[in-house]
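I opened a new notebook page for this structure.

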Amino acid sequence: MSMMVSASHVADALVATAAERALPWYDAVARFLVDGGPVMLVNLAVLALVLAVAVERIAVLMFRQNLDAPAFMEQIAKLVVTRNVDRALKLCAGAPHAPLARVIAAGLGRAHRSDREIARAMRHAIAEQTPSITARLAWLPSLAALAAMLGLIGTVLAARAALRTVGAAPSEQRLLEWADAMANAMHSIAWGLSVAALCVSLHLVLGSYARRVLDRVEQSALRLEDLLSRQRTAEAAPVDFEKSA
């Protein structure tokens with residue numbers, strides 16, 4: 001009799017599994033989140049925050065602050081060589097949100113001063129613009145750790161609840177109840193690790209992009225510093241009147 005009951009439960013479990021596979025993807029996702037317990041919903045909020053940070057950084061770095069550095073510096077170099085510093089400053093003003101334009105404008109604003117003052121002005125400008133480039137990127141590793149810990153906590157809580165459920169179930173159903181409960185408990189850690197992996201991936205991609213932006217800004221600042229120095233040296237060179245005569 002007990003074997004017939006167990007076989008009946010196995011058949012019911014197979015039918016339920018087939019029914020779950022036939023669900024639309026959005027219903028399957030909702031079922032996955034609900035079965036994993038309330039901590040899954042907390043990790044869903046963590047995922048929303050991660051995506052918000054990623055979208056905001058992409059919008060700022062790749063669109064709002066984006067500037068074609070080689071073409072921009074080529075125009076700046078031509079204007080500096082022809083002593084059109086005012087036009088170069090206007091060119092920088094045309095891209096008010098770009099860190100590169102602000103750093104170059106800081107150097108051009110002191111074009112008639114010493115090399116040390118020009119370098120100091122651009123270093124200060126780089127220090128001021130760095131937070132706008134790297135803002136909120138440091139959140140992603142912390143959110144990754146939080147998501148993983150929440151997933152582990154959810155699994156522990158679900159396993160604890162499963163022990164209580166299995167203990168109250170009839171003996172012939174305990175194995176199936178335990179298997180089903182532990183499968184649901186694994187949802188939480190799987191979800192937490194998935195969110196954590198996404199955080200780490202986004203941090204690698206966006207962090208590398210932000211580093212490249214900063215490198216371009218620093219290299220362009222050095223190029224302008226060298227250009228202004230050579231321009232000042234050329235202007236200060238004495239004229240050989242004998243050769244010119």
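**Entry 1: a salt-bridge network.** I started with a network of salt bridges that links Glu56, Arg57 and Arg136. The model is predicted. For the pair Glu56 and Arg136, I read 2.9 Å between the closest N and O atoms. Glu56 sits in helix α3, while Arg136 is in the loop between α7 and α8 (139–168), so I noted a link between distant parts of the chain, 80 residues apart. I then checked accessibility: Glu56 is partly exposed at 26% relative accessible area, and Arg136 is partly exposed at 33%. The search of the whole structure returned seven salt bridges.

Entry 2: I looked up Arg211 and Asp215, whose closest N and O atoms are 3.0 Å apart in a salt bridge. Both residues lie in helix α9, four residues apart, about one turn of the helix. Arg211 is partly exposed, with a relative accessible area of 38%, and Asp215 is partly exposed, with 28%. I also found a salt bridge between the side chains of Asp226 and Arg230, at 3.0 Å from N to O. Asp226 and Arg230 are about one helical turn apart because they are four residues apart in helix α9.

**Entry 3: helix α7.** After α7 comes Arg136, with a positive phi near 65 degrees.

**Entry 4: two single residues.** Is Gln65 buried or exposed? Gln65 has 10% relative accessibility, and the cut-off for buried is under 20%, so I logged Gln65 as buried. Its place is in the loop between α3 (38–64) and α4 (69–81). Leaving out residues up to four places away in sequence, I listed Val60, His97, Ala98, Pro99, Ser132 and Ile133 as touching Gln65. Leu204, in helix α9 (residues 174–236), is exposed at 55% relative accessible area. With Val200 and Val205, Leu204 forms a nonpolar surface patch of about 280 Å² accessible area together.

**Entry 5: totals.** I counted 10 helices and zero strands. Of the 245 residues, 33% are buried. The accessible surface is about 14,900 Å², and 65% of that belongs to carbon and sulfur atoms.

Terms used:
Residues are numbered from 1 along each chain as its sequence is written. This is a predicted model: local features need pLDDT of at least 70, side-chain atom pairs count only at pLDDT 80 or more; totals for chains, interfaces and linings use all residues. Side-chain values use heavy atoms; hydrogens and water are left out. Helices (H or I, at least four residues) and strands (E, at least two) are DSSP runs, numbered from the N terminus. Patches are made of residues with over 30% relative accessible area and no salt bridge: like charges are joined within 9 Å, nonpolar side chains (Val, Leu, Ile, Met, Phe, Trp, Tyr) within 5 Å. Accessible areas come from the Shrake-Rupley method with a 1.4 Å probe; for residues, only the protein chains shown count as cover. A salt bridge is a side-chain nitrogen of Lys or Arg within 4 Å of a carboxyl oxygen of Asp or Glu. Buried means under 20% relative accessible area, exposed over 50%, partly exposed in between (1.4 Å probe, protein chains only). Contact means heavy atoms within 4.5 Å.
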